[in-house]
Amino acid sequence: MAHPAFQYEWPSDMHPLGFVFLHPPFDEVRSTCTFDGKQIDALAKHVFDDLGAVLPEFESRQASITLDVERAGVGEDYDRAVDGVKMTIEVTAPIRIVGGMLPPGLALVDGRIIGKPEQSGRWQVDLQIGPQYHYQGPLNDGPVGSYNRGSWVDIRTPIQFPTAAASLRDLDEDQIAALRAGLAELDEEQQTTQAGGEE
């Protein structure tokens, strides 16, 4: 199954979750590390197979919740798990608000809505449950790999794809004429260079 953070073909001879170690982002001091293919494979085997780590829930999804704050609850401690999200370490998925807003005084922290509401009322909140980042592959149309760099970008940033190579059939008459003129000029330069070398 493809992971929503990585929608690319991954080499079948490498650990299937090795892509998580492609081009880690910079930290606060702008340092980063990169791994070659063998390092990626060994690290993935160690982390996922030997140590038993798992990725968050694979199915990215959206959910809407309604929060009711009664007048008696204003200023009181509020703590509620986001509906429909299992909060065990193995399956916790990152959650962020994509629409609506929480009641003033409340915040979304590690899959729970906590705080002290500052006013009563009803709020509708739209959530995205799934990865926070996805992988932007290289734009040179080559295979993703440790030496063909891409980067992890915010999940809200649309993925770009390599532009298709232009075909001669797509050119208009002016472009064809300019191409012919450029080729003729290049031929003339090469003939001049060759003639000069023969003397």
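In which sense do S3 and S6 pair, and over how many bridges?

Modeller: S3 and S6 pair in the antiparallel sense, over five bridges. Before going further, please keep in mind that this is a predicted model, in which local features need pLDDT of at least 70 and side-chain atom pairs count only at pLDDT 80 or more, while totals for chains, interfaces and linings use all residues. Residues are numbered from 1 along each chain as its sequence is written, and side-chain values use heavy atoms, with hydrogens and water left out.

The sheet in question is open and consists of three strands in the order S1-S6-S3, with antiparallel pairing. Strands here are DSSP runs of E with at least two residues, helices are runs of H or I with at least four, and both are numbered from the N terminus; two strands count as paired if DSSP finds at least two bridges between them. Strand S1 (61-69) and strand S3 (95-100) are the edges, and because each has a single partner strand, one side of each is left without a neighbour in the sheet. From one strand to the next the twist averages 35°, where axes are lines fitted to C-alpha atoms, for helices over the stretch in contact, and angles run from 0 to 180 degrees between N-to-C directions.

S1 is joined to strand S6 (residues 121-129) by nine bridges, again antiparallel. Within that pairing Asp68 faces Arg122 in S6, and Arg61 stands opposite Ile129 in S6.

S4 and strand S5 (residues 112-115) run antiparallel and are joined by four bridges; in S5, Ile113 is the residue opposite Leu108.

Turning to the aromatic side chains, rings of Phe, Tyr and Trp (its six-membered ring) pair if their centres lie within 6.5 Å, with planes under 30 degrees apart counted as stacked, over 60 as edge-to-face and the rest as tilted. By this rule there are eight aromatic pairs. Tyr8 and Tyr135 make an edge-to-face pair, 6.0 Å centre to centre with 90° between the planes. Tyr8 lies in the segment before helix H1 (37-50) and Tyr135 in strand S7 (residues 133-136), so this pair ties together parts that are 127 residues apart in sequence. The rings of Tyr135 and Trp152 have centres 5.0 Å apart and planes at 70°, so they too are edge-to-face. Since Trp152 belongs to strand S8 (residues 151-154) and Tyr135 to strand S7, that pair ties together parts 17 residues apart in sequence.

For exposure, buried means under 20% relative accessible area, exposed over 50%, and partly exposed in between (1.4 Å probe, protein chains only). Tyr135 is buried at 1%, whereas Tyr8 is partly exposed at 25%. Trp152 is buried, as is Tyr135. Finally, Phe6, Tyr8, Trp10, Phe19, Tyr135 and Trp152 form one aromatic cluster.
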